[in-house]
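Q: I would like a close look at one part of a structure, and then at other parts of the chain. Please keep the answer plain.

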Amino acid sequence: MPAAEAALELMAAMVHAQTEDELLAELAQLLLAHTEAEVCDILIGEPSSLVLRASTLAPEYNVRLRIGKSVGVAGLAFQTGAPVFLTRDAERHPSYAPYP
């Protein structure tokens, strides 16, 4: 899909979302649709942890799941400030840490 179409979908999600959680859920779905990823999780840094705020695999854990800021691939992204995109086989990444 061309970048212009993806940008339009992103803007539409921003307009339609009523809450921050709805927007994050929409962003996770858009990222999943526009990549070859199997799952998309969005974790947000809070003072003492990373909190799962959107998940295409296990949305029932949203807000309830918290991990340390240096744990797993999300912790790597948080610590380095650089995004980490894994489309397949995340469990093979050296920083991978399973969570429900």
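In which segment is the place of histidine 93?

A: This is a predicted model. Histidine 93 has its place in the segment after α3, the helix of residues 72-80. Although 20 residues along the chain lie between the positions of histidine 93 and valine 73, their C-alpha atoms are separated by 7.8 Å. Valine 73 is also one of the residues that histidine 93 touches; with residues up to four places away in sequence not counted, these are Val73, Leu76 and Leu86. The side chain of histidine 93 has a polar atom that lies 3.0 Å from the backbone nitrogen of serine 95.

Serine 55 has a relative accessibility of 10%, and buried means under 20%, so serine 55 counts as buried.

Another serine, serine 49, is found in the loop between β1 (41-45) and β2. Its relative accessible area is 8%, which is under the 20% limit, and therefore serine 49 is buried. Apart from neighbours within four places in sequence, serine 49 is in contact with Ile44, Arg66, Ile67 and Lys69.

The remaining part concerns two helices. Helix α1 is made of residues 3-16 and helix α2 of residues 20-33; their axes come within 9 Å and cross at roughly 160°. Angles over 145 degrees count as roughly antiparallel, so α1 and α2 are roughly antiparallel to each other. The crossing in which α1 passes α2 is right-handed. On the side of α1, the residues that meet the other helix are Glu9, Leu10, Ala13, Met14 and His16, and in α2 they are Glu22, Leu23, Glu26, Leu27 and Leu30. Sorted by kind, the residues of this contact of α1 with α2 are 6 nonpolar, 1 polar and 3 charged.

Terms used
Residues are numbered from 1 along each chain as its sequence is written. This is a predicted model: local features need pLDDT of at least 70, side-chain atom pairs count only at pLDDT 80 or more; totals for chains, interfaces and linings use all residues. Side-chain values use heavy atoms; hydrogens and water are left out. Buried means under 20% relative accessible area, exposed over 50%, partly exposed in between (1.4 Å probe, protein chains only). Axes are lines fitted to C-alpha atoms, for helices over the stretch in contact, and angles run from 0 to 180 degrees between N-to-C directions. Helices (H or I, at least four residues) and strands (E, at least two) are DSSP runs, numbered from the N terminus. Angles under 35 degrees count as roughly parallel, over 145 as roughly antiparallel, 65 to 115 as roughly perpendicular and the rest as oblique. A crossing is left-handed if the near helix is turned anticlockwise from the far one by less than a right angle, and right-handed if clockwise. Contact means heavy atoms within 4.5 Å. Ala, Val, Leu, Ile, Met, Phe, Trp, Tyr, Cys and Pro count as nonpolar, Asp, Glu, Lys and Arg as charged, and the others, Gly among them, as polar. A polar contact is a pair of N or O atoms within 3.5 Å; within protein, one must be able to donate a hydrogen and the other to accept it, and residues adjacent in sequence count only if both atoms are side-chain atoms.
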